[in-house]
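I opened this notebook to record what I looked up in one protein model. The entries follow the order in which I consulted it.

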Amino acid sequence: MGILNNESCLKMKEKEYHKTIDPLKLKLAELQRVGKEKQIPILIIFEGLEASGKGAIINEILVTLDPRGYRVINHNHPLAENNLPLKQYLEDIPGKGEFHIFDKSWYDLAFQESTDITRRCKEINKIERSLIRSGMLIIKFFLHVSRKIQKKRYFKAKKNPAKSWKVTPYAWKQNFNYKSIIESWEDIIERTNNYDCGWNIISSNSLYGAKSEVFRIIVEKIESYLNQKEVRPDDVLLPYKKPYSLDDVDLSKIIDKKEYKKEIIKLQNKISDLHHELYTRRIPVIIAYEGWDAAGKGGNIKRVVEKMDPRGYDVIPIAAPNDVEKSKHYLWRFWRSFPRYGHVAIFDRTWYGRVLVERVEKFATKYEWKRAYQEITDMETQWVNNGSIIIKFWLQISKEEQLKRFKERENTPAKQWKITEEDWRNREKWKEYKEAVEEMISRTSTNSSPWYIVPANDKYYARIFVLKKIIKEIEKCLYGV
C-alpha cells in the first residue's frame, strides 16, 4: 500500500477540538454567504472507507451552514439501470451560488466498476476539468481509517441499537478484503489526483482530528479561490486536421415526388423494425439536428418518427435556456435529457448552440465557446463509450432558398407562426453563422461521432438522405455492417 498506508492522524482532545473548530465554523458560514453573493458553485466530494466517519463529518458541516444554501446528495444507490451511469451524478452538480456535498460520487462508480477503472477515471478527469473551467470549485476528500480501528468501530456500533444497522455484510467484507480495497482506491486516487483538483487524504482514526482537518481545508480552499486572479488556460481550443467548407455541398440534388413516396414508406418501416431491435438490445440513440432557419428540421424529424413506437422516443426542442439552466453548466440540460437504454432522443437544435448562436450573438465569451469544442467532444465520446449511437445532421440550404421559404411562411396563414423577427435578424448575420458552422464541423466531426451534411434545398431529398443515414448507423452498431 502507498498513499493510503499512512495511519498517522491529527489527534485532538475534545476541549482542544472545540477551541480549534469554532472559529473555522464561523469562517465557513461567512464564506458560504460570500460564495452565494459571488455566484460561485461549490462542490465538496466525500469518499472513504466504511466507518471512516463521513456521516459525522458531513453533519458537522451542515450544522454550520445556512440550511437554505446547501444540498447534500447521497449517491449510495445502485448503478442506474435505465440510463447512462454518470448521468445520476451530473444531474446533481451545483449551479451558481450553490453549495453541494456529494456523499459518494462518480469515484464510487469507478470503484464499483473495477474492471474498467482506466476509462472511467479518464471520463471523470474530463468532466471535472470542464466543471472547473466553467467556474466551479471542487474539493475532494478521501477519509481513511486503519483496519484495526474500522473493526473496533463495527463492534461498537453493533452494541448500539440505533447504529447496528450500519454494520452490514458489505462492511464486514470490506474489513476482510481491506488490503485489496485500499489498493483499488489508491489506483483511482492516483489517476484522478490532478493539479487543479487534487485529493485531500484524511486519516480519521481520530474523528476530532479529521473534522478539524476537513474544516481547515474547506476554509482554506474557498478563501484561496475567492482571492485568486482568474487564470484561463491556453489549451482550450480543440485542433482539427482539415477545414470544412459549406460551399462544397451539392445543393442541386433532388428526388421526384413519386419516387420519394415509394422510398419513404420502405425506409420508415425499416426504422420501425430497427427501433424494436434497439429496445430489445437496450441501446440508446441520440439524433442531433442543426441547420439554417427554415432548413426543414421539423418536417424531417416528423418523417423519422412517423412509424416509430411513441413510447420509445422523445423529440426534444431546444430553446434559449431558462433561469435554472443558465445557473448550471451549459451541458447540464443535455446530460439530463440523455435517453434511457433502448430509447431514442431526437434533439431539434442541440448543445452546439454554444458554438453557434451563443458565439455569434455573443451570449458566450470567446473563452467559453472556444473551450466548448473539447467539452462537447468529450461528452459525445463518453456517450459512445457507454454504448450509445450518436447521429448528427446539419441541414444545409442556400441563402436564396432560405429567403424563398421565409416569404412563403409570411404569405401562408398556417405557417406564419414559424417566421419571427429573430429569423430575419439571424439571416443578416449569414456570413458570421456560416463561419461558425464550418468551424464547428471541422473541430467536432470525429470518427465515433461524425457530422452528416444534408443537402436540403429539396426537402424530399433531405428526408430520404437522413432516413438512410440513420438506418445505416443503427445497422452498423447492431450487425457490424
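**Entry 1. Basis of the values**

I note that this is a predicted model, in which local features need pLDDT of at least 70 and side-chain atom pairs count only at pLDDT 80 or more, while totals for chains, interfaces and linings use all residues. Residues are numbered from 1 along each chain as its sequence is written, and side-chain values use heavy atoms, with hydrogens and water left out.

**Entry 2. Overall description**

I looked up the secondary structure and found 19 helices and 10 strands in the protein. Helices (H or I, at least four residues) and strands (E, at least two) are DSSP runs, numbered from the N terminus. Along the principal axes, the C-alpha atoms fill a box of roughly 85 × 45 × 40 Å. I then checked burial, where buried means under 20% relative accessible area, exposed over 50%, and partly exposed in between (1.4 Å probe, protein chains only). Of the 481 residues of the protein, 53% count as buried. For contacts, the criterion is heavy atoms within 4.5 Å. Among contacts with a separation of 6 or more, 82% come from residues 24 or more positions apart.

**Entry 3. The sheet**

In what order do the strands of the open sheet lie? I read the order E7-E8-E6-E9-E10 for its 5 strands, with parallel pairing. Two strands pair if DSSP finds at least two bridges between them. Strand E7 (313-317) and strand E10 (451-455) are the edge strands, each pairing on one side only. From one strand to the next, the twist averages 20 degrees. Axes here are lines fitted to C-alpha atoms, for helices over the stretch in contact, and angles run from 0 to 180 degrees between N-to-C directions.

I went through the pairings one by one. E7 and E8 are parallel and share 5 bridges; Asp 314 has Ala 345 in E8 as its bridge partner. E6 and E8 also pair in the parallel sense, over 5 bridges, and Ala 288 is bridged to Phe 347 in E8. I also asked why E8 is described as largely enclosed by the rest of the structure. The reason is that 4 of the 5 residues of E8 are buried.

Strand E9 (residues 389-396) runs parallel to E10, joined by 5 bridges. Within that pair, Trp 394 has Ile 453 in E10 as its bridge partner. Helix H19 (residues 459-479) packs on the sheet and touches E6, E9 and E10, its direction making about 155 degrees with that of E10. I recorded a further helix, H11 (residues 297-305), which lies across strand E6 (285-291), E7, strand E8 (344-348) and E9 and runs at about 155 degrees to E6.

**Entry 4. Helices H6 and H7**

Helix H6 (residues 147-158) packs against helix H7 (residues 169-176) at an angle of about 155 degrees, with the axes 10 Å apart. That angle makes H6 roughly antiparallel to H7; angles under 35 degrees count as roughly parallel, over 145 as roughly antiparallel, 65 to 115 as roughly perpendicular and the rest as oblique. The crossing of H6 and H7 is left-handed, a term used if the near helix is turned anticlockwise from the far one by less than a right angle, with right-handed used if clockwise. I listed the residues in contact: Arg 147, Gln 150, Lys 151, Tyr 154 and Phe 155 from H6, and Ala 171, Trp 172, Gln 174, Asn 175 and Phe 176 from H7. The residues of this contact divide into 5 nonpolar, 3 polar and 2 charged. Ala, Val, Leu, Ile, Met, Phe, Trp, Tyr, Cys and Pro count as nonpolar, Asp, Glu, Lys and Arg as charged, and the others, Gly among them, as polar.

**Entry 5. Helices H16 and H17**

Helix H16 (residues 399-410) and H17 pack at about 165 degrees, their axes 12 Å apart. They are therefore roughly antiparallel to each other, and H16 passes H17 in a left-handed crossing. The contact involves Lys 399, Gln 402, Leu 403, Phe 406 and Glu 410 of H16, with Asp 423, Trp 424 and Arg 427 of H17. I noted 3 nonpolar, 1 polar and 4 charged residues in the contact of H16 with H17.

**Entry 6. Two single residues**

Is Asn 426 buried or exposed? Asn 426 lies in helix H17 (residues 421-428) and counts as buried, at 14% relative accessibility. Leaving aside neighbours within four places in sequence, Asn 426 is in contact with Asp 293, Glu 361 and Tyr 433.

I placed Ile 202 in strand E5 (residues 199-203). Ile 202 is buried, with a relative accessible area of 4%. Not counting residues up to four places away in sequence, Ile 202 touches Phe 141, Phe 142, Leu 143, His 144, Ala 210, Glu 213, Val 214 and Ile 217.
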